[in-house]
Amino acid sequence: MSIATQSTDQGLILALSKGRIFEDTLPLLEAAGIVVTENPETSRKLILATNDPGVRVLIVRASDVPTYVQYGAADFGVAGKDVLLEHGGEGLYQPVDLNIARCRMSVAVNAGFDYETAVRQGARLRVATKFVNTARQHFASKGVHVDLIKLYGSMELAPLVGLSDAIVDVVSTGGTLRANNLVEVEKIMEISSRLVVNQAALKLKRARLQPIIEAFEKASTLQP
Ligand code: ATP
Ligand code: PRP
Ligand code: MG
């Protein structure tokens, strides 16, 4: 472990993404007695202080959380199952399903597209997605041939403009699909966010991490 990446003091660094993960993690942190004293929506700072001088919060992109934790630049973090499956989970201990940011990973197509028939007839489908590993695995397990097109966001646009026949994306209320005249044709898996912990940090900083992990675990079972 390099000196540059693994902090050796007993301070803890938590990696979070802005938006729903940050918002939904705040009550869990409070259950562990930690209050973030700066707001990432109004501050341009990327390292936020908390009421505990021994705990700081890194604000990173959702898909970068596992990387910061894997390399020990953060001791722990919160990431969606979708993101973790794409990352692979290497070097990460995943002790708690936090039950937050719940949604599902689904296949969706233009309202007029007969997905079932296309699949039954063995058509080769073009599928646009940010989640290429999950999508590849899903279609391979069904024996469906696909050409995957990697996108980084707004997947719902792809079928509308003929870039793809289908998308694989997360769905919650279904509002985005409806607004774009798409229909959900297959649910791949339920998604929620997990606590992820650097494996070395878990050993070296167990005394600091363990009570926080336990508080998160307890508070997450109280999620509505
Ligand atoms: P970025 O904006 O950096 O591309 P992102 O769009 O994945 O990342 P968020 O939208 O904050 O970032 O999503 C974080 C996590 O929340 C996702 O990995 C997923 O598990 C979950 N999620 C995404 N969209 C929804 C939603 N509409 N409802 C509930 N949970 C969601
Ligand atoms: C996510 C996801 C879908 C939408 C699904 O987007 O990428 O587009 O939520 O939610 P719904 O079923 O409730 O409409 P998000 O709100 O994170 O916007 P983003 O494009 O900035 O990721
Ligand atoms: Mg999003």
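**Note on the two ligand sites**

1. An oxygen atom of ligand 1 lies 2.7 Å from an N or O atom in the side chain of Arg 20. This is a polar contact (a pair of N or O atoms within 3.5 Å). The model is predicted: local features need pLDDT of at least 70, side-chain atom pairs count only at pLDDT 80 or more, and totals for chains, interfaces and linings use all residues. Residues are numbered from 1 along each chain as its sequence is written, chains are lettered from A and ligands numbered from 1 in the order in which they are written, and side-chain values use heavy atoms, with hydrogens and water left out.

2. A polar backbone atom of Ala 101 is 3.3 Å from a nitrogen atom of ligand 1. Lys 130 places a polar side-chain atom 3.3 Å from an oxygen atom of ligand 1. Taken alone, ligand 1 exposes 620 Å², and the protein buries 75% of that (Shrake-Rupley method, 1.4 Å probe).

3. The shell around ligand 1 has 15 residues (a heavy atom within 4 Å of the ligand). Arg 20, Arg 61, Asp 82, Arg 102 and Lys 130 come nearest. By class, seven are nonpolar, two polar and six charged. Strand 5 (92-110) gives the largest share, three residues. Helix 1 (20-31) and helix 3 (81-87) each supply at least two.

4. Domain 1 (12-102 + 191-222) and domain 2 (103-190) both give residues to this shell, so ligand 1 lies between them. The bounds come from an automatic or database domain assignment.

5. For Asp 169, the side-chain distance to an oxygen atom of ligand 2 is 3.4 Å. Ser 172 uses a polar backbone atom, 2.8 Å from a ligand 2 oxygen atom. Ligand 2 exposes 500 Å² taken alone; the protein buries 59% of that.

6. The shell around ligand 2 includes Arg 20, Glu 156, Gly 174 and Thr 176. Its residues divide into two nonpolar, five polar and three charged. Strand 8 (166-171) and helix 7 (175-179) each supply at least two. Strand 8 has the largest share, three residues.

7. Which pocket holds ligand 1? Ligand 1 sits in the largest pocket, and ligand 2 sits in the largest pocket too. "Sits" means that more than half of a molecule's atoms lie within 2 Å of the pocket's grid points. A pocket is an open set of points on a 1 Å grid over the protein atoms alone, where a 1.4 Å probe fits, with protein on both sides within 12 Å along at least five of seven lines.

Notes:
Polar contact = N/O pair within 3.5 Å; in protein donor to acceptor, adjacent residues only side chain to side chain. 1 Å grid on protein atoms, 1.4 Å probe; cavity = no way out; pocket = protein on both sides within 12 Å on 5 of 7 lines; lining within 4 Å. Helix = DSSP H or I, 4+ residues; strand = E, 2+ residues; numbered from the N terminus. Nonpolar A, V, L, I, M, F, W, Y, C, P; charged D, E, K, R; others polar.
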